[in-house]
Amino acid sequence: GEEAGASTDFVEGLPVKLRENAVRKLKSLQEQQKKSVLRLMVSSGGCSGYSYEFTLVDSPSGEDDVVVERDGARLVVDEVSLSFLEECEVDYVEEMIRSSFQVVKNKLADAKCGCGSSFSVAAF
């Protein structure tokens with residue numbers, strides 16, 4: 001049995017977690033032998049100063065990468081980007097026009113921005 005609330009805990013105090021949809025998507029990519037490690041980078045730019053960038057990679061590569069794992073799905077964040085994230089949640093959002101990995105929550109993001117890919121996604 002799974003402990004109640006176990007799935008919502010952040011791994012070892014890391015500021016990022018994968019939501020179920022993101023986990024499901026990454027695992028299906030694994031099964032198809034495609035790139036299935038999700039890399040999240042915070043880059044300067046975007047409407048509000050910073051934006052999130054997602055790329056799929058074969059494996060965690062950098063020495064200063066922090067790997068967040070959930071049920072076999074992996075998210076990689078470099079240390080610099082980590083400093084911009086707190087209580088950050090990553091999900092795979094399926095919309096009519098496009099489906100994409102998104103940061104659906106980040107406590108550190110305050111600036112309101114409507115496009116959703118730059119800070120803040122907490123606006124919703």
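A salt bridge here is a side-chain nitrogen of Lys or Arg within 4 Å of a carboxyl oxygen of Asp or Glu. With that in hand, let us tour this predicted model.

**View 1. Glu89 and Lys17 form a salt bridge.** The closest N and O atoms of Glu89 and Lys17 are 3.7 Å apart. Glu89 belongs to strand S6 (residues 88-94) and Lys17 to strand S1 (residues 16-18), so this pair ties together parts that are 72 residues apart in sequence. Both Glu89 and Lys17 are buried.

**View 2. Arg39 and Asp65 pair up across strands.** Here the salt bridge has its closest N and O atoms 2.6 Å apart. It links distant parts of the chain, with Arg39 in strand S2 (residues 37-44) and Asp65 in strand S4, 26 residues apart. Asp65, in strand S4 (residues 65-70), has a relative accessible area of 15% and is buried. Leaving aside residues up to four places away in sequence, Asp65 touches Arg39, Pro60, Val76, Val77 and Asp78.

**View 3. Arg70 meets Asp71.** In this salt bridge, the closest N and O atoms lie 3.7 Å apart. Arg70 is buried, at 16% relative accessible area, whereas Asp71 is exposed, at 51%. Elsewhere, salt bridges that share partners join Lys17, Arg19, Glu89, Asp91 and Lys105 into one network.

**View 4. Stepping back, the chain has two helices and seven strands.** From the N terminus, its elements run β-α-β-β-β-β-α-β-β. Of the 124 residues, 40% are buried, and the structure holds ten salt bridges.

Key
Residues numbered from 1 in each chain as written. Predicted model: local features only at pLDDT ≥ 70, side-chain atom pairs only at ≥ 80, totals over all residues. Heavy atoms only, no water. Helix = DSSP H or I, 4+ residues; strand = E, 2+ residues; numbered from the N terminus. Buried < 20%, exposed > 50% of the residue type's maximum accessible area, 1.4 Å probe, protein only. Contact = heavy atoms within 4.5 Å.
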